[in-house]
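Dear colleague,

Please find below the structure that I am handing over to you. My notes on its aromatic rings follow it.

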Amino acid sequence: MMIEPVASLPHMDILPRGDVRISPSLLSADFAHFAEGAGLCVHGGADWLHFDVMDGQFVPNLTFGAELVRALRPLFPTTPFDVHLMVERPYDYVENFAAAGADLITVHAEAAPHLQRTLAAIRACGRRSGVALNPATPPSLLNYVLDDLDLVLVMTVNPGFGGQKFLPAAGDKVGDLARFREQEGASFLISVDGGVDDRTAPGLVRDGADVLVAGSFIFHAEDGPANGISNLRAAASGT
């Protein structure tokens with residue numbers, strides 16, 4: 001399948017809250033056909049594309065780097081690229097991924113001893129900043145980085161592999177974060193990654209999730225990613 005650059009999609013501001021965004025995780029795509037898989041998602045109605053970057057140290061898996069982002073960027077110029085860095089020393093990677101075309105860069109609180117500095121560096125590159133929280137990591141540390149924060153990624157599985165089972169206790173953070181956001185008058189988006197499907201999505205959205213990251217449910221859907229995206233969106237909206 002020949003992938004042509006997408007030039008007709010409207011520009012999308014990634015920040016304002018509103019309708020739930022669907023961000024397919026390319027971790028579940030066919031690694032031999034990344035461009036084709038991404039194209040099927042974009043043309044199938046995906047709002048963002050999610051890149052799970054793993055270094056084999058912070059998590060027990062090794063995936064891809066900034067060159068994949070750089071290669072896909074010209075093909076999908078108006079689709080927000082949602083880059084999730086599951087790496088040690090994330091500060092060292094920020095500039096490279098920003099230059100490659102990432103729109104939003106999320107780092108793990110557990111991997112960034114100087115979290116505020118890392119978030120500030122992301123914004124200094126003109127990109128949106130996110131913090132990912134592992135299942136056992138409390139949201140309380142966000143008190144100290146609210147001024148530099150655009151998104152919180154709630155991990156509802158332990159990071160490192162796709163296709164894992166959703167952890168309900170971790171999912172409870174979504175409601176906690178939504179209440180915290182309202183109390184603080186903050187505007188960060190709440191994203192959820194791990195075991196997101198048509199069964200877990202409705203509760204997550206009711207609790208306050210703005211972005212649903214899904215890999216296996218979308219890429220392994222019967223009749224392809226477009227059908228998976230449609231089914232997930234319908235579940236999220238309660239239709």
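How many aromatic pairs does the count come to in this predicted model? The count comes to six aromatic pairs.

One of them joins F51 and F64, whose ring centres are 6.4 Å apart. Their planes stand at 90 degrees, and an angle over 60 counts as edge-to-face, so this pair is edge-to-face. F51 belongs to strand β2 (residues 49-54), whereas F64 lies in the loop between β2 and α2 (66-72). The pair therefore ties together parts that are 13 residues apart in sequence.

Are these two residues buried or exposed? F51 has a relative accessibility of 0% and counts as buried. F64, at 12%, counts as buried too, because the limit for that term is under 20%.

F51 also pairs with F81. Here the ring centres are 4.9 Å apart and the planes meet at 50 degrees, so the pair is tilted. Since F81 lies in strand β3 (residues 81-86) and F51 in strand β2, this contact ties together parts that are 30 residues apart in sequence. F81 is buried as well, with a relative accessible area of 0%.

Taken together, ring pairs link F31, F34, F51, F64 and F81 into a cluster.

The charged end of R73 is placed over the ring of F81, at 3.7 Å from the ring centre. Likewise, R181 has its charged end over the ring of F188, 5.8 Å from the centre of that ring.

Yours sincerely

Conventions: Residues numbered from 1 in each chain as written. Predicted model: local features only at pLDDT ≥ 70, side-chain atom pairs only at ≥ 80, totals over all residues. Heavy atoms only, no water. Phe/Tyr/Trp six-rings, centres within 6.5 Å; stacked < 30°, edge-to-face > 60°. Helix = DSSP H or I, 4+ residues; strand = E, 2+ residues; numbered from the N terminus. Buried < 20%, exposed > 50% of the residue type's maximum accessible area, 1.4 Å probe, protein only. Lys NZ or Arg CZ within 6 Å of the ring centre and 35° of its normal.
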